[in-house]
Amino acid sequence: MQNKGVSPSLTTGGVHVTKIIPTWDMISQHVEQPTEKTNPALAGVVASHDEQGVSALTSIAKAFAVLERVVQQQSPQAGASVAELSRALSLASSTTHRLLQILKQLGYIRQNQETSRYEASMKIAALGNVVLKQYSVKERVLPLIREAAQTVGECVSFTTLQGDEGILVKRVEGTRALQVVTRNRRVPLYCTAAGKAMLACLDAGLVNSYLERTPLNPVTEYTITSPATLRAEIQQIRRLGYALDREEFGAGVRCVAVPVLIRNDNLAAISISALAPRFTKQRMEEVAACLQQIVVKHGVKLALLPES
């Protein structure tokens, strides 16, 4: 029966996925496959009329098919042999061996010295743990930021710290339109409320190191470009327990952020943004207090407690 372009359903980490894609037969008409049979498990590569491009893409598809098979193969014993993989994937033994060696060199699989079978490495496990961690964090924080967006009516964002930048993980729009908002996934620390909130949680040595290697380039006319001024603001953030962005990253947009500690005490921030006319000084103070209460209500730990 001819493959119609629907690859086998895959279940990975509890997520059931069915791919509807061009078939291997569609691809192989552009590439010579003298020693290998058509294999539905290798479907999933977008066909191209460029023979060199198709060859490279099909090689990647084969490599991933081998890797997935090695990870999934648990019976009758862990891992898989070259012969088993070749039969399961309809690949020539030489091709299978070559792909296994590449994956081994990259650190994604290892070869059991006693059985000579290929097994998934801890690198695969580590990558999986990162993905699971991201999902669990977002799942825990999502109800919080949704409630904040509904309560305040403005855009709420969840940002994590990564090196010298903030990484925007999730954003929930409020009931009131925000016409000007960054689309960046990576945001600077020195000129955003979320970034300054996280900077305020670092010790003096780390803050000094950050300032030494980070030029405080102006993004708007309100951006803080003086290290001394930024240090003074960080001290104020530590006293208040929240940070403000007064149009420092986007003209016409103001923001309030509260730093939090998420899984394993990783530093992050939850921020609320609004158009400047809606975020007066008094309103920003009210929003900050409201956000702190919602964070505590959802069992998330505040990274900074306001001084009494």
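**Entry 1: ground rules.** Helices here are DSSP runs of H or I with at least four residues, numbered from the N terminus. I am working with a predicted model. With that naming in hand, I looked just past H3 and found Ser-90 with a positive phi of about 55°.

**Entry 2: the whole chain.** I counted nine helices and eleven strands in the protein chain. Of its 308 residues, 42% are buried. I also checked contacts between residues at least 6 apart in sequence, and 54% of these join residues at least 24 apart.

**Entry 3: H3 and what follows.** Which residues of H3 are buried? In this helix, residues 82-89, I noted Leu-85, Ser-86 and Leu-89. They share one side of H3, because the arc they cover around the axis is only 100°.

Most residues other than glycine have a negative phi. I had Ser-90 down as partly exposed, since its relative accessibility is 22% and the cut-off for buried is under 20%.

**Entry 4: another positive phi.** Ser-116 is a further non-glycine residue with positive phi, near 65°. I found Ser-116 in the loop between strand S3 (109-111) and strand S4 (118-120). Its relative accessible area is 43%, so Ser-116 is partly exposed.

**Entry 5: Lys-104.** I next picked Lys-104, in helix H4 (residues 93-106). Lys-104 is partly exposed, at 33% relative accessible area. Setting aside residues up to four places away in sequence, I saw Lys-104 touch Ile-109 and Gln-111. I also took the C-alpha to C-alpha distance from Lys-104 to Tyr-118: 8.8 Å, for a sequence separation of 14 residues.

**Entry 6: the nonpolar cores.** How many residues does the largest nonpolar core have? I got 31, and the residues with the most contacts inside this core are Ile-145, Phe-158, Val-256, Val-260, Ile-270, Ile-272 and Val-295. At least two core residues come from each of helix H5 (122-152), strand S5 (155-162), strand S9 (253-262), strand S10 (266-275) and helix H9 (281-297). The most come from H5, which gives eight.

I then zoomed in on Val-256. Beyond its neighbours within four places in sequence, Val-256 has contacts that include Ala-193, Tyr-242, Leu-244, Ile-270, Ile-272, Phe-279, Met-284 and Val-287. Apart from this core I found another, of 26 residues, with Val-187, Ala-194, Ile-224 and Ala-269 among them.

**Entry 7: H7 against H8.** Two packed helices are described by the angle between their axes and the distance between the axes. For helix H7 (residues 204-213) and helix H8 (residues 227-240), I have axes that come within 11 Å and cross at roughly 150°. The crossing is right-handed.

What meets what in this contact? From H7 I listed Val-207, Asn-208 and Leu-211, and from H8 Pro-227, Leu-230, Arg-231, Ile-234 and Arg-238. By type, the residues of the contact of H7 with H8 are five nonpolar, one polar and two charged.

Methods. Residues are numbered from 1 along each chain as its sequence is written. This is a predicted model: local features need pLDDT of at least 70, side-chain atom pairs count only at pLDDT 80 or more; totals for chains, interfaces and linings use all residues. Side-chain values use heavy atoms; hydrogens and water are left out. A nonpolar core is a set of buried Ala, Val, Leu, Ile, Met, Phe, Trp, Tyr and Cys residues joined through side-chain atoms within 4.5 Å. Buried means under 20% relative accessible area, exposed over 50%, partly exposed in between (1.4 Å probe, protein chains only). Contact means heavy atoms within 4.5 Å. Axes are lines fitted to C-alpha atoms, for helices over the stretch in contact, and angles run from 0 to 180 degrees between N-to-C directions. A crossing is left-handed if the near helix is turned anticlockwise from the far one by less than a right angle, and right-handed if clockwise. Ala, Val, Leu, Ile, Met, Phe, Trp, Tyr, Cys and Pro count as nonpolar, Asp, Glu, Lys and Arg as charged, and the others, Gly among them, as polar. The arc is that of the directions from the helix axis to the C-beta atoms.
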